[in-house]
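Here is a friendly briefing to read alongside the model. Take a look at the sequence and structure first, and then follow the notes by topic.

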Amino acid sequence: MLKALRSFARRKSPWIMHVPCGGCNGCDIEVVAALTPKFDVERFGVLQKGTPRHADILIVTGVVTAQILDRLKRIYDLTPNPKHIVAFGSCAVDGDIFREGYGFAGPLDEVLPVDIYVPGCPPRPEALIDGLNKLLKRLK
């Protein structure tokens, strides 16, 4: 009963944490734009949290570098189960133009289990909303 109630609450009010790893910050701007009243992801119950301990979904933007790799894994470990990862932007999906760089630690899905990919450079806030909707439908 308690497990079903928790699952229902997560579907109706997923709490997200934005994890910027690096890159040009174009994706970061689009994630923030999705949280503004113009796109209003809160209508789906989505709330941004400042700590991974309160988040259900990690939205990772930017390229995974050797410098951020340990911090990213630590953030993932601090997130309570069940946790979900959204790779937002081409840099998080496959490294994009930073793939040949010396600090590139690999695509996000080689570091953490990714549930939803939102490709684009940068993807629009509507793409993030679509990705979150697809993820929430999977949780049913």
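E4 is mostly covered, with five of its five residues buried. Keep in mind that this is a predicted model.

**Inside E4**

- His84, Val86 and Phe88 point one way from E4, while Ile85 and Ala87 point the other way, and all are buried.

- Five strands make up an open sheet, ordered E2-E1-E3-E4-E5, and their pairing is parallel.
- Strand E2 (47-48) and strand E5 (116-118) stand at the edges with a single partner strand each, so one side of each has no neighbour in the sheet.
- E3 and E4 pair in the parallel sense over five bridges, and Ile57 stands opposite His84 in E4.
- E1 and E3 are also joined in the parallel sense, over five bridges.
- Ile57 in E3 is the bridge partner of Ile16.

**Helix H3 over the sheet**

- H3 lies across E1, E3 and E4, and runs at about 165 degrees to E3.
- Which residues of helix H3 (residues 66-78) are buried? They are Ile68, Leu69, Leu72, Ile75 and Tyr76.
- Seen down the axis of H3, these buried residues fall within an arc of 135 degrees, so they line one face of the helix.
- As a general point, an α-helix has 3.6 residues a turn, so residues three or four places apart point the same way.
- Gln67, Asp70, Arg74 and Asp77, on the other side of H3, are exposed.
- The cover over the buried residues of H3 includes strand E1 (15-20), strand E3 (57-61), strand E4 (84-88) and helix H5 (108-111).

- Thr79 lies in the loop between H3 and E4.
- Is Thr79 buried or exposed? Thr79 has a relative accessible area of 2%, which is under the 20% cut-off, so Thr79 counts as buried.
- Leaving aside residues up to four places away in sequence, Thr79 touches Pro52, Ala55 and Leu58.

**Rings and charges**

- How many aromatic pairs does the structure hold? The count is zero.
- Lys83 lies over the face of Tyr76, at 4.2 Å from the ring centre; Tyr76 is one of the buried residues of H3.
- The charged end of Lys49 sits over the ring of Trp15, 4.2 Å from its centre.

Methods. Residues numbered from 1 in each chain as written. Predicted model: local features only at pLDDT ≥ 70, side-chain atom pairs only at ≥ 80, totals over all residues. Heavy atoms only, no water. Buried < 20%, exposed > 50% of the residue type's maximum accessible area, 1.4 Å probe, protein only. Helix = DSSP H or I, 4+ residues; strand = E, 2+ residues; numbered from the N terminus. Arc of directions from axis to C-beta. Contact = heavy atoms within 4.5 Å. Pairing = 2+ DSSP bridges. Axes fitted to C-alpha atoms, helices over the stretch in contact; angles between N-to-C directions. Phe/Tyr/Trp six-rings, centres within 6.5 Å; stacked < 30°, edge-to-face > 60°. Lys NZ or Arg CZ within 6 Å of the ring centre and 35° of its normal.
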